[in-house]
Amino acid sequence: QRLPLTPSKTPLMSPPFIERAGSRLYASDGGNLWIIDISGPEPRLVDTLPFRYGLHLVPVSHRP
């Protein structure tokens with residue numbers, strides 16, 4: 001199912017990504033980070049965090 005997200009004003013400041021952690025989905029266009037709750041019947045936007053200039057996010061896998 002699709003959730004409409006407003007693109008950031010400054011995309012591609014960092015590499016875009018989509019990562020799942022439990023019932024949360026973290027998606028970025030490189031300018032915003034969207035936190036999405038996927039535990040219910042429909043996805044729900046929890047928060048949108050704009051990147052500050054020079055901030056880079058990198059998904060890190062914690063596997064034993």
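The questions and answers below concern this chain, which is a predicted model.

Reader: Why is Ser28 called buried?
Author: The relative accessible area of Ser28 is 6%. Buried means under 20%, so Ser28, at 6%, is buried. Ser28 belongs to strand β2, which covers residues 24–28.

Reader: Why does Phe17 count as buried?
Author: The relative accessibility of Phe17 is 15%. The cut-off is under 20%, and therefore Phe17 counts as buried. Phe17 sits in strand β1, residues 17–21. Of the 64 residues of the chain, 23% count as buried.

Reader: How do you know that the side chain of Ser28 has a polar contact with Asn32?
Author: A polar atom of that Ser28 side chain lies 3.0 Å from the backbone oxygen of Asn32. A polar contact needs a pair of N or O atoms within 3.5 Å, so the pair at 3.0 Å qualifies.

Reader: Which residues does Ser28 touch, not counting residues up to four places away in sequence?
Author: They are Pro16, Phe17, Leu33, Trp34 and Phe51. To touch here is to have heavy atoms within 4.5 Å.

Reader: What makes β1 and β2 a pair?
Author: Two strands pair if there are at least two bridges between them. β1 and β2 have five bridges, in the antiparallel sense, and therefore they count as paired. In one of these bridges, Ala21 has Arg24 of β2 as its partner. The two strands form a hairpin with two residues between them. Gly22, in the turn, has a positive phi of about 65°.

Reader: What surrounds the second largest pocket?
Author: The space in the second largest pocket is about 150 Å³. Its lining has 13 residues, and the closest to its centre are Leu5, Ile18, Leu25, Ala27 and Ile36. The elements that give two or more residues to this lining are β1, β2 and β3 (32–37). The largest share, three residues, comes from β2.

Reader: What classes of residue does that lining have?
Author: By class, the lining of the second largest pocket has 10 nonpolar, two polar and one charged residues. Leu, Ile and Ala count as nonpolar, so Leu5, Ile18, Leu25, Ala27 and Ile36 belong to the nonpolar class.

How values were computed: Residues are numbered from 1 along each chain as its sequence is written. This is a predicted model: local features need pLDDT of at least 70, side-chain atom pairs count only at pLDDT 80 or more; totals for chains, interfaces and linings use all residues. Side-chain values use heavy atoms; hydrogens and water are left out. Helices (H or I, at least four residues) and strands (E, at least two) are DSSP runs, numbered from the N terminus. Buried means under 20% relative accessible area, exposed over 50%, partly exposed in between (1.4 Å probe, protein chains only). A polar contact is a pair of N or O atoms within 3.5 Å; within protein, one must be able to donate a hydrogen and the other to accept it, and residues adjacent in sequence count only if both atoms are side-chain atoms. On a 1 Å grid over the protein atoms alone, a cavity is a set of points where a 1.4 Å probe fits but cannot get out, and a pocket is an open set with protein on both sides within 12 Å along at least five of seven lines; lining residues have an atom within 4 Å of a point. Grid points are joined across faces, edges and corners, and a volume is the space filled by probe spheres set on the points.
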